Each structure stands twice: as structure tokens, then as C-alpha cells.
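These are my notebook entries on what I looked up in the structure below. I worked from the overall form of a chain down to single residues and then to the packing.

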Amino acid sequence: MTSFEGHYFDGLVPENAQAQLAFSGDIATLTAGSIRQQFDVGRLRVSPRISASERFIFIPDGGQFLCADHAFFDRLPQESWSEGIVAWLEERWWAAVACIAVVVCMLVVGHYYGLPAAADRIVDVIPIETEQALGKQITQWMEKEGWVTASQLDPDTLDPIAEGFERLIEDLPGRNAYQLRFHASSIFGANAFALPGGTIIVTDDMVNLSESTEEMLAVLAHEIGHVEERHAMKGLLQQSVVAVVITAITSDASTLSAAVTGLPMVLAQMKYSRKFETAADDFAFELLKRKGYSPAAFATLMERLAGQQEIPSVMKYLSSHPLSEQRARRAQDAAGE
Amino acid sequence: MDQGKKPITGPLTVDTGSSEGTAATAFDQPFHNPQNIDTASDPAAGRGPMELALFFNGRSRDYFRIWIVNLCLSLVTLGIFSAWAKVRKKRYMYSHTTLGGTPFQYLARPEPILKGRTIAIAGFGLYYISSHFIAFLFPFVMVAGMVAAPWVLSRSAGFNARYSAFRNMTFHFDGTYWEAFKALYAWGIVPAFVVGMVLSSRGHMATLGVASVVFSFHFPWFLRRIKAYIVEHTVYGGKKGEFAATGGQFFGVYFTSGLIVAAIAVPMTIIATLFYRSDNNAESFALIVSLPVYAGYVIAYAFVKARSGNISWNNIRLGSLEFKSTLRTGDLIKLYISNAIGIIFSLGLLIPWAVIRTIRYRAEQMRVMHTGSLTQFRGSEKRSVAAAGAEAIDIFDLDIAL
């Protein structure tokens with residue numbers, strides 16, 4: 001006979017009654033004060049083991065017996081078999097170490113290969129119209145907010161750029177989706193960017209900064225690269241997945257400090273957008289050469305941009321764009337090939 | 001054979017009442033004390049308030065293994081296991097929290113939680129897609145969300161109550177959809193805020209601004225209504241919770257926290273505008289200015305957590321049970337900062353440690369008092385909590401921490 005000292009709760013009042021549960025063959029005997037009951041062992045249910053805490057044993061009459069954990073209880077009918085397996089793993093340090101290894105592998109492989117590959121696949125399925133709807137919303141919003149206004153530059157400056165742009169996209173399969181727009185903007189400064197769905201916006205300051213049409217076309221080729229490879233959509237997908245994974249990992253700590261959860265998210269997204277910039281550069285160099293322009297124009301523009309701003313070393317790691325000098329060097333290399 | 005193999009060392013209770021140290025109900029006795037089982041004849045019954053000892057005895061090293069195993073399985077199963085993970089983690093926290101020497105019990109099964117999470121993800125996906133891509137759907141989704149919100153609130157409160165048990169008696173929740181609806185939307189300010197959001201997505205930014213300001217000032221009362229809804233409909237042993245905190249008390253807390261942020265943000269903005277020259281490096285300048293503002297935010301956050309936590313708990317009664325919460329802003333600031341540093345430098349591996357020490361602090365600063373006998377709590381019918389756990393069919397799982 002095996003017996004355990006513990007406490008009995010009848011479910012009628014939250015009272016703490018000293019009790020004993022004894023096992024003899026298939027019969028369990030509960031003794032608590034004046035109560036003495038016998039049950040078939042098969043009708044008991046034991047709560048899942050968690051760490052070394054006490055176990056609750058449900059008794060068929062609706063009562064409950066609570067006592068210190070013992071290996072004997074694992075041989076009784078369990079409330080949840082699936083949790084028993086997990087509990088077994090949770091008790092072992094080797095399992096914890098193995099789990100750290102698996103988590104690290106999954107995060108590293110997922111971050112470098114899995115997620116970009118998955119984004120490529122998913123983007124192929126999403127119709128371009130969805131992306132254009134998003135781009136249209138952004139344009140309308142920017143106009144409404146007065147972030148962009150009508151271009152102040154005269155057509156003599158803009159027309160050659162527009163013509164060159166047409167040449168760049170003329171044999172691309174998705175050429176109909178493209179729309180080139182010139183805008184004056186105090187918010188964006190010297191800038192050119194592609195919106196989801198193929199709208200490319202160039203600010204007047206950007207046009208003024210470039211010293212030749214060829215330089216301007218180099219920038220546009222880069223933006224075409226973003227559109228062709230659907231970076232906006234991929235970025236959105238990747239950011240969403242990163243956010244979900246980080247939230248899942250840090251969900252326990254989220255109430256403790258928002259800064260803790262925000263930082264890895266920002267870093268992961270920086271990494272992705274840098275990769276996109278490099279990919280768009282490569283696309284641009286290829287396209288420019290095919291159309292008879294030299295990527296060297298890209299290099300000169302980058303150098304001029306680099307000369308304009310001094311970047312402290314901390315910011316180099318945080319910048320979402322590859323460094324201008326690096327990009328200029330890669331453009332020179334591409335031009336030399 | 002195995003008799004008395006592991007003597008249970010139940011935590012001793014502290015007698016705060018005026019009565020002599022021997023006075024205690026059976027409820028307060030450590031497990032191995034066989035005396036005073038009969039509360040009805042206990043001399044302490046009916047005298048001054050007694051303390052029911054509340055302890056959290058979770059350990060970081062144990063919780064670490066539970067955390068990492070469940071995290072790993074959740075990632076490998078692409079999130080499906082997360083329902084089991086939630087149950088395991090909750091079970092750990094409950095069974096390591098003892099009141100009067102007896103641990104709490106978490107009874108939820110993972111399957112309904114998985115179902116609830118699937119619905120929640122679908123709902124969020126719909127919101128995400130409509131807010132990003134299909135603009136014309138957005139107002140409909142917002143309206144659907146507003147209709148569903150009271151249901152989510154009442155169901156999740158019910159879920160948490162029903163699957164929490166103490167001494168073989170589960171909690172209950174009897175709040176209805178309509179009561180939740182009133183708690184959420186009384187005065188119509190939340191609906192107005194949502195309308196403002198919808199309009200702002202169409203370019204009317206000013207609407208959102210006005211709605212936000214009104215909502216901010218209304219927020220403390222909104223918070224009080226939600227807390228009151230949850231507390232006043234939570235039932236244990238036939239006794240309903242009572243909530244005596246006022247919206248004005250919460251307003252005081254939020255208003256002061258706003259002043260804390262303003263006291264730091266306003267001078268920093270003035271400094272920023274005075275000293276900023278465009279040839280300075282904008283990014284590093286922004287970093288230097290935003291650090292003190294962020295520190296102010298942390299202080300204000302800890303202040304709100306400490307004060308509103310104390311106000312909430314100190315105004316709750318459950319039958320003869322009363323609560324005394326003594327969280328301090330300074331302690332929480334130290335806790336948050338050390339947690340953040342630990343988590344960052346351990347690349348996340350110290351998350352379980354941070355969780356355990358936060359809950360331990362919470363438990364240390366909480367005292368539970370009661371007058372009279374605990375036999376005043378009566379289980380409505382004699383039925384096993386196991387049976388209650390098994391009847392879970394239509395559950396929406398969502399945690400709204402009080």
C-alpha cells in the first residue's frame with residue numbers, strides 16, 4: 001500500500017482539510033476527518049506536472065486532493081497526456097540547451113534565407129493591382145497633407161528625363177504600371193522614391209542636384225529596380241513577419257519594457273532594406289548598361305551626395321541605405337566591367 | 001511506504017490583527033498543522049482583519065526551461081503550439097502563487113485557446129488588410145470590430161474566471177454583452193474616436209486630433225468602467241466583487257504622468273529648437289534630444305503602473321477579502337531598467353528572469369486581508385473543477401490584465 005499526506009477540498013467551501021490518500025491495488029482510499037471514501041483508481045484524474053509544484057488529484061465525487069509531487073502520480077490516469085510530454089522536456093537542462101540551439105538556428109536561417117525566399121513566393125501571387133491600390137492611397141494622402149506640390153521646374157529640364165525614363169522601361173514586362181511624377185517638396189528634400197505599384201516620385205531638389213540627365217536616369221534605374229523586384233511589398237511582408245515573431249518571443253516581457261521589443265525589430269528591418277538597396281543598385285547597373293548608359297553617372301551622383309552630408313560612425317550601422325562611398329565604388333566597378 | 005516522504009512546507013502566515021499570535025483560522029494554517037480544521041468554532045472568526053499570506057515562489061531557472069521549451073515548440077509548429085505554451089506558463093504562475101498556503105489552479109485546456117487565437121488572428125488580418133489595401137472596407141471592419149469588442153471583453157473575462165480555481169472552487173463571471181457594451185461605449189466617446197480614425201484615414205486629420213484630445217481626457221473614466229465591469233461581475237463562492245475606485249482617482253494619476261512627460265519634453269524641445277542648426281548632424285542631434293524624453297516616458301509609465309495598480313487593488317473587495325497593494329514608482333523604474341538591460345545584453349535569454357522577478361515584486365507588495373470565516377464562500381454545487389474544465393467549447397481567449 002502506498003499512501004500520501006495532503007489536503008482535501010470538497011468544493012463546497014474553501015477550507016483546508018488535512019487528508020490522506022492511500023492506494024492499494026486498484027482501490028484508492030481517501031481519509032479526511034470523518035470522511036472515508038473509496039474509489040476505483042481508474043476514475044481519478046491527476047493534473048499535469050509543472051516544475052516541482054504540488055499535484056491536484058480530481059476525485060470522482062467532485063472533491064480534490066492536493067499533495068506534493070511524486071513519481072507515483074505519473075502512473076495514474078492523467079488530466080492531459082499532451083502536457084505530460086512537454087513537462088518531461090521542461091525538466092531537462094539538455095532539452096533547454098537543445099531548444100536554445102533550435103530557436104537560434106530557426107531565427108538565423110529564417111532571417112537570412114527563409115523569410116526572403118517566402119516573401120519572393122508570396123509576392124508572385126499578390127496581383128500588382130493590390131499594390132497599386134496601396135500606392136494610390138499614399139499619393140493621395142501626401143498630396144492632401146501638402147507634402148508634395150506641383151513641380152516648379154520647366155518642361156525643358158523635365159522632358160529629357162521623362163524621355164530617358166520611357167527608354168529605360170520600354171522593354172520591361174510591367175511597363176504599363178509605371179508612372180513618373182515630378183514634385184516640389186520641402187519635406188523630402190533631394191529625393192527620389194518608388195511607391196508600391198510603380199509610381200516613382202522625383203523631387204525638384206533632386207533634379208537640381210543632378211548635373212546631367214544621365215545622373216538622373218541612374219537614380220530612376222535604381223527606383224525601377226525597386227519596382228521590378230517589388231521591394232515595397234516584400235518589405236511589408238517581411239516587416240510583418242518579423243513583428244509577429246518578435247512579439248511572440250517577447251510577449252512575456254512586452255509589459256516590462258517596450259524598448260526591449262522595439263530594438264530588434266528596427267535592426268532586422270534595417271538589414272532587409274539595405275539588402276533591397278543593394279539589389280536595386282545591381283538592377284540599375286544592369287539596366288543602364290543594356291540601354292547604353294554608364295553606371296559611372298550613378299557613382300558621381302553618390303559621391304556628390306556623400307560630400308553633402310557627414311555621417312557619424314554610429315549612424316553607419318543604423319543607416320537603412322548602404323554607404324554612399326560603397327555604392328559609388330560598386331557603380332564604378334560595374335561601369336568598368 | 002511512501003507516507004510523509006515529502007513534508008510540505010507551507011508558508012507561515014502573518015497575523016496582523018489585534019488578536020494574539022495563536023489566533024488563526026484553518027485557512028491560514030500551514031499544511032502540516034492538523035489543528036484548527038474546524039473554522040466554525042475558531043475564536044478568531046469575527047475579530048479584526050487577518051492576513052492571508054500571499055507568496056510567489058517561482059524560480060527563474062525553472063521558468064527558464066519552461067519558457068525556452070515552449071518557445072521552441074511554438075516556433076517549430078509555426079505558432080500552433082503557442083496555445084499549449086500559454087497553458088503551461090499560466091499553470092506555472094498559478095501553481096507557484098499560494099494564498100493561505102494553497103496554490104491557485106489553472107484549468108484551461110489548450111484546444112479552445114487555439115480556437116480563440118485563430119479567430120483573433122483572422123480578425124487582425126482583416127483589419128490589417130483593410131487598413132492597408134482595401135480602403136473602402138475599412139469603415140465596415142471598424143464597425144464590426146466595435147460590435148465584437150464587448151463580446152470579446154465579456155468572453156475573455158469569463159474565460160479567465162472560469163478556469164481559475166482556488167481550493168477546488170472556480171471563479172465565475174456573470175457580465176453580459178450589453179453591460180460590456182455600456183462599459184466600453186458609455187458617453188459615446190470611444191465610438192466618436194473610432195469615427196475620427198476612419199475619417200482621418202480619408203484625409204481629415206483634424207477630426208482625429210480633436211477625437212484624440214477628448215478621448216485622452218475621458219480615458220481614466222473609461223478605464224474605471226472596464227475595471228469595474230470585470231471586478232463587479234467576478235464571483236467566487238457566491239460573493240461578487242466590489243469596486244470602489246473613482247474615475248477621478250485615475251484621472252489624477254494620468255494627469256500627473258502627463259505633467260512628468262511634459263516637464264521633460266517641453267524644455268528639451270525648446271533646447272532643440274534653440275540649438276539646432278541645419279549643418280549639425282540631424283540624426284545624432286535627434287538621438288541626444290530624445291533620450292531624456294524617453295527617460296521621462298519610462299518614469300511616467302512606472303508611475304501610472306504603480307499608482308493605478310494600487311488604486312485598483314485597494315478599492316476591490318471580494319466578500320470579506322480586502323487587498324492592500326503598495327507598489328512604488330521608484331521600485332518599478334529600477335525593475336524596468338534592470339530588466340531591459342538584462343534582456344538586451346542576454347539577447348533575450350533573461351526574459352524569464354525578468355518575468356519572475358516582476359511577478360515576485362508584485363506579490364511582495366500585495367497583502368490579502370479578511371475578516372471572519374472563509375466558510376462564507378460557498379461552492380454553488382458539488383461538482384468537480386475537472387468537469388468545469390472539460391465543458392469548454394465556445395471560448396474566446398484574450399487576456400485583459402487588470
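I took the radius of gyration over C-alpha atoms, and for a globule I used the rule of 2.2 Å times the number of residues to the power 0.38. On that rule a compact globule of 337 residues would have a radius of gyration near 20 Å, whereas chain A has 33 Å. I also noted that the C-alpha trace of chain A spans about 105 × 40 × 40 Å along its principal axes.

Before going further I recorded that this is a predicted model, in which local features need pLDDT of at least 70, side-chain atom pairs count only at pLDDT 80 or more, and totals for chains, interfaces and linings use all residues. Residues are numbered from 1 along each chain as its sequence is written, and chains are lettered from A and ligands numbered from 1 in the order in which they are written.

Entry on chain A. I found eleven helices and eleven strands in chain A, taken as DSSP runs (helices H or I, at least four residues; strands E, at least two) numbered from the N terminus.

Entry on Glu15(A). I located Glu15(A) in the loop between strand E1 (2-9) and strand E2 (17-24) of chain A. Glu15(A) counts as buried because it has 22 C-beta neighbours inside 10 Å; the cut-offs are 20 or more other C-beta atoms within 10 Å for buried, 12 or fewer for exposed, and partly exposed in between, with C-beta atoms placed from the backbone. By this count, 37% of the 337 residues of chain A are buried.

Entry on the cores. I looked for nonpolar cores, meaning sets of buried Ala, Val, Leu, Ile, Met, Phe, Trp, Tyr and Cys residues joined through C-beta atoms within 7 Å. The largest has 71 residues, of which Tyr63(B), Trp67(B), Ile68(B), Val69(B), Leu71(B) and Cys72(B) touch the most other members. Helix H1 (residues 60-76) of chain B gives the most to this core, with ten residues. A second, separate core of 41 residues includes Ile169(A), Ile201(A), Ile224(A) and Ala280(A).

Entry on a helix pair. Helix H10 (residues 329-345) and helix H11 (residues 351-364) of chain B pack at an angle of about 170°, with their axes 9 Å apart; axes are lines fitted to C-alpha atoms, for helices over the stretch in contact, and angles run from 0 to 180 degrees between N-to-C directions.
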